[in-house]
Amino acid sequence: MSNFLTIPEEILLLSIDETGGISPESKTLDVVLASAILMDLAIRRRIDTDLQKLILVDGAPTGDAILDDALTFLYENPAEKPIEHWVSQVGLRADLYKEDLLASLTLKKVIKVENKRILWMLTSRKYPIIGNKELKEVKTRVRDLIYSDDIPDLQEMAIVSLAYYGSMLEFLLTTEAIEIYRTRIEQIAKMDLIGQSIGKALAELSASFQFSNRAKAILGIKTPEQKLETLVEDIKTKYRIVKEEDLPDWLRKSHPQYARTLEFIDKVGTSDIYYHAGRKEYVVRDYSSVFSI
Amino acid sequence: MEIRITQENDLQYIEIQGRVDAVNSGEIQDKLIALADAGHIKLLVCMENVDYISSSGLRSFLSVGKKLGKEGRLRFCCMKPSVKEVFTITGFNSIFQIFESKADAMA
């Protein structure tokens with residue numbers, strides 16, 4: 001692939017608003033990013049899909065650290081399961097991928113990082129776009145495709161599919177344009193089976209999980225143990241995890257890491273956290289509070 | 001998987017036998033793009049002996065269609081129901097013309 005940015009980098013770039021904030025709501029973005037990673041791997045012929053399942057094809061590294069991490073994860077868990085299952089499983093690691101993608105975009109000088117102090121410990125973090133060149137370029141490519149009857153390039157097809165199924169079309173087009181070109185957008189969006197599975201995964205997610213209500217419930221819970229149990233239940237619901245063993249180490253009660261997670265929640269007072277396995281750090285979402293344990 | 005290419009009037013007739021998946025779709029793509037590079041921009045792919053097609057196979061045909069451009073033509077014929085279903089579900093039947101028989105495609 002000759003594009004300067006990978007598919008997950010492009011979709012994350014599209015989600016950054018003019019203030020440097022990231023939308024849509026982070027849980028949806030997790031699933032979209034996971035799907036973007038799988039699409040990129042599919043275009044690079046490392047995985048394949050059919051109407052029933054995701055198939056491992058080639059474990060050779062792509063040279064991109066994020067894609068290779070996901071590829072290694074898939075090969076370490078080589079079960080023949082539907083695409084939605086793998087979207088969920090990779091989505092479970094999306095927090096750390098998001099961090100790494102933002103770092104990669106920073107390194108490529110597409111965005112910069114701005115930390116703003118709110119209290120002595122907590123700061124908000126923004127990612128303003130530098131110069132707009134790459135953002136403009138991806139929007140132009142995708143709009144040119146939508147406004148024509150051309151056969152799509154694979155990367156633009158993936159972006160349209162992600163934007164359509166991830167409810168992110170408004171980052172690419174005006175409301176009026178979305179309505180005018182809806183048939184064409186739908187035609188492109190459904191051309192990839194991974195894209196269609198994203199639609200299923202996101203539809204189930206939005207139907208079964210009310211994150212804002214859940215967050216309010218978390219605020220009313222007193223003990224760190226209860227907060228962590230609620231977080232684990234939320235993760236299980238979100239990613240449709242049934243077995244304890246499918247949870248990551250830091251959320252698995254039988255694993256020593258679980259006690260450290262509990263310790264971290266006790267320290268920061270919230271279970272709105274994730275664990276960056278690569279850096280061995282716990283991170284509070286949307287704040288820069290980072291603790292190495 | 002086997003590919004047989006013959007010239008029929010002004011088009012290249014491509015018969016594929018076997019599965020079209022990640023293992024062999026690259027080979028199919030390379031052969032069809034080589035035809036386009038040689039100036040053969042009217043291609044008819046017979047799918048009569050194809051039992052299975054994956055996303056990778058679809059993407060390969062998409063890349064060939066892209067390479068042929070608006071002046072070119074990529075058509076398919078004689079699809080089995082299971083393969084036709086994949087084309088229909090993904091909307092590839094709205095991008096490429098699919099015919100029941102070789103005669104229909106060449107008419």
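**View 1. Polar contacts between chain B and chain A.** Between chain B and chain A of this predicted model, 16 residue pairs are in polar contact, both residues standing at pLDDT 80 or more. A polar contact is a pair of N or O atoms within 3.5 Å; within protein, one must be able to donate a hydrogen and the other to accept it, and residues adjacent in sequence count only if both atoms are side-chain atoms. On the side of chain B that touches chain A, α1, α2 and α3 (81-89) of chain B each supply at least two residues, where helices (H or I, at least four residues) are DSSP runs numbered from the N terminus. The most comes from α2(B), which gives 8 residues to that side. Sorted by class, the residues of this side are 8 nonpolar, 13 polar and 5 charged, with Ala, Val, Leu, Ile, Met, Phe, Trp, Tyr, Cys and Pro counted as nonpolar, Asp, Glu, Lys and Arg as charged, and the others, Gly among them, as polar.

**View 2. The area buried between chain B and chain A.** The contact, meaning heavy atoms within 4.5 Å, takes 26 residues from chain B and 24 residues from chain A. About 2000 Å² is buried between the two chains, and carbon and sulfur atoms give 55% of this area; buried area is the accessible area (1.4 Å probe) that two parts lose on being put together, summed over both. In chain B, R59(B), L62(B) and K66(B) lose the most area to chain A, together 29% of what that side buries.

**View 3. Salt bridges across the interface and within chain A.** Side chains of opposite charge can pair when their charged atoms come close. A salt bridge is a side-chain nitrogen of Lys or Arg within 4 Å of a carboxyl oxygen of Asp or Glu, and 3 are found across the interface of chain B and chain A. D150(A) forms a salt bridge with K70(B), their closest N and O atoms being 2.9 Å apart. Within chain A, D30(A) forms a salt bridge with K98(A), with the closest N and O atoms 3.6 Å apart. This pair links distant parts of the chain, since D30(A) lies in helix α2 (residues 26-43) of chain A and K98(A) in helix α5 (residues 94-107) of chain A, 68 residues apart.

**Notes on all views.** Residues are numbered from 1 along each chain as its sequence is written, and chains are lettered from A in the order in which they are written. Local features need pLDDT of at least 70, side-chain atom pairs count only at pLDDT 80 or more, and totals for chains, interfaces and linings use all residues, while side-chain values use heavy atoms, with hydrogens and water left out.
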